Amino acid sequence: MSIRVHVQKFGSKLSGMVIPNLGAFMAWGILTAIGVATGSEMLKGFIAPMLNYLLPLLIAFAGGRAVHGYRGGVIGTVATMGAIISSDITMFIGAMIMGPLAAWVLKKFDERIDGKIPAGFELLVNNFSIGIIGAGLALFSYVAIAPMVETVTKVLASGVDVLINNHLLPLTALIIEPAKVLFLNNAIGQGILSPLATLQLAETGKSVLYLLESNPGPGLGILLGYMFFGKGNSKASSYGASVIHLFGGIHEIYFPFVLMNPILILPLILGGMTGTFILTMTNAGLVGVASPGSIITIMMMAAPGDHIKIIIAVLCAALVTFITAIPFIKRMGNKDSELQDAAKKMEGLKGKKSSISSVFEAPVDDFNFKNVKRIAYACDAGLGSSAMGATVLQKKIKNAGLNDIKVFHIAIHELPTECDVVVTHKSLIDRAKEKQPDAYYVEITDYLGAPEYQELIDKIVADREQKN
């Protein structure tokens, strides 16, 4: 597997860590802005506890869950606590390390004991494993991770200071704009820029770093180019995409338009550099994370007096991107399939189904049981019933010689997940389908002896024999 694929998967994982918690970051930013503006001691009382404890622990939980489900989230939170209490700086980076790392260690432990736990003892083993391993990793993060993160943060902060003092911050667009299209924006934005912006926020009350990758201007310029000079399906799709991008804040809506014509990375970089240059020259900034990157969210998080400056920066970034993209868009062909192919390529880079893929979606084929590799067994809590049912189904699958298929248990609220088939009780089927409509569903009434288990196995075997 290439290095680029490894990095893309990391970006996708980091996106899963940060994005579910951005509402909490916004809540912290709003309370901070109002507290500082009004001088309210009550509101100021929220700032430090949320920043130092709540936000890192939420990141750790989401990162752990992305690696190993709810259990991974729990142990990631426990392990991160060691780094938090060991350091005087905010442990965003520490949480991004310890959350997934702790979950990975637990995942490897679970794989080693998979199939060796007697039925009925799953909960006992699961709880003790989290407790013992989590305590050890918390001590490890206290002694090793926190000092390392402190050192790295100081080095990065010094580097950003050099860029700002020498007016070189616009050059970051050379990295950020291509990274966004490759789904590495969260690795850069939330993994590096947001922690540094938080340090800057404590000193100056706002930070331009929050705007470096959330600026919707460059992406809007690309979509405007297709609106005026595109052809076929790309032109027709650009109108709705521009609304979703600018006001909905879902920037990945414009990625397929770039992926089908990669030279458009150059206009994106020029637009990004323009926007950042104006922001730094006017000393504009935000008081917290603006996500999704909607112009509405950005205006809400703008520092007092900076609203007009930010709007000018966004519009100039869009204009520069639009003008420089025109010749590249004009010379494109008129194949409607190109946009759909680019959307599929985008999902391949992201590593999972995109929330906006339906905009470009083509009809899907009938379900092919030959390709089944992962089966999710879902119940309300994702523990007792589903754990036992998953154990039973896994044994039946192994007895059938289907050793490449993995069955895992999960809570309904943790869907969607990476799987081909979802097995769940008939009373939960509607809830599960709302969470993950693109999977094949097996509806059961008996967790231990459901005849549907064998029916599913027979379908997989039949398709594999027929299509070999």
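Trainee: What does the secondary structure of the chain come to, and what share of the residues is buried?

Mentor: The chain of this predicted model comes to 17 helices and four strands, and of its 468 residues 50% are buried. Among contacts between residues at least 6 apart in sequence, 72% join residues at least 24 apart.

Trainee: Why are H8 and H13 called oblique to each other?

Mentor: Helix H8, residues 217-229, and helix H13, residues 307-330, pack at an angle of about 40 degrees, with their axes 7 Å apart. Angles under 35 degrees would count as roughly parallel, and 65 to 115 as roughly perpendicular, so the pair H8 and H13 is oblique. The crossing of these two helices is right-handed.

Trainee: Which residues make the contact of H8 with H13, and how do they divide by class?

Mentor: On the H8 side they include Gly217, Pro218, Leu220, Leu224 and Phe228, and these belong to a set that meets H13 residues, among them Val314, Ala317, Phe322, Ile329 and Lys330. The residues of this contact divide into 14 nonpolar, four polar and one charged; Lys counts as charged and Gly as polar.

Trainee: What makes the pair H8 and H11 oblique?

Mentor: Helix H11 spans residues 265-281, and H8 and H11 pack at an angle of about 135 degrees, with their axes 8 Å apart. Roughly antiparallel requires an angle over 145 degrees, and roughly perpendicular covers 65 to 115, so H8 and H11 are oblique to each other. Their crossing is right-handed. Pro218, Gly219 and Ile222 in H8 meet Pro267, Leu268, Gly271 and Gly272 in H11, and by class this contact has four nonpolar, three polar and no charged residues.

Trainee: How do you know whether H11 and H13 are roughly parallel or roughly antiparallel?

Mentor: The axes of H11 and H13 come within 8 Å and cross at roughly 160 degrees. Since angles over 145 degrees count as roughly antiparallel, H11 and H13 are therefore roughly antiparallel to each other. H11 passes H13 in a right-handed crossing. The residues in contact include Leu270, Thr274 and Ile278 of H11 and Ile310, Cys316, Val320 and Phe328 of H13, and this contact divides into 13 nonpolar, five polar and no charged residues.

Trainee: Which residues touch the most other members of the largest nonpolar core?

Mentor: The largest nonpolar core has 46 residues, of which Trp28, Leu209, Leu286 and Ile310 touch the most other members. The elements giving two or more residues to this core include helix H2 (22-38), helix H3 (41-86), H11 and H13, and H3 gives the most, with six residues. Leaving aside neighbours within four places in sequence, Trp28 is in contact with Ile47, Met50, Leu51, Leu55, Thr198, Leu201, Tyr210 and Val287. Apart from this core lies another, of 20 residues, with Leu223, Val258, Phe328 and Met332 among them.

Trainee: Why does Leu259 count as buried?

Mentor: Leu259 has 12% relative accessibility, and since the cut-off for burial is under 20%, Leu259 counts as buried.

Note on methods. Residues numbered from 1 in each chain as written. Predicted model: local features only at pLDDT ≥ 70, side-chain atom pairs only at ≥ 80, totals over all residues. Heavy atoms only, no water. Axes fitted to C-alpha atoms, helices over the stretch in contact; angles between N-to-C directions. Left-handed = near helix turned anticlockwise from the far one by under 90°. Contact = heavy atoms within 4.5 Å. Core = buried A, V, L, I, M, F, W, Y, C linked by side-chain atoms within 4.5 Å. Buried < 20%, exposed > 50% of the residue type's maximum accessible area, 1.4 Å probe, protein only.
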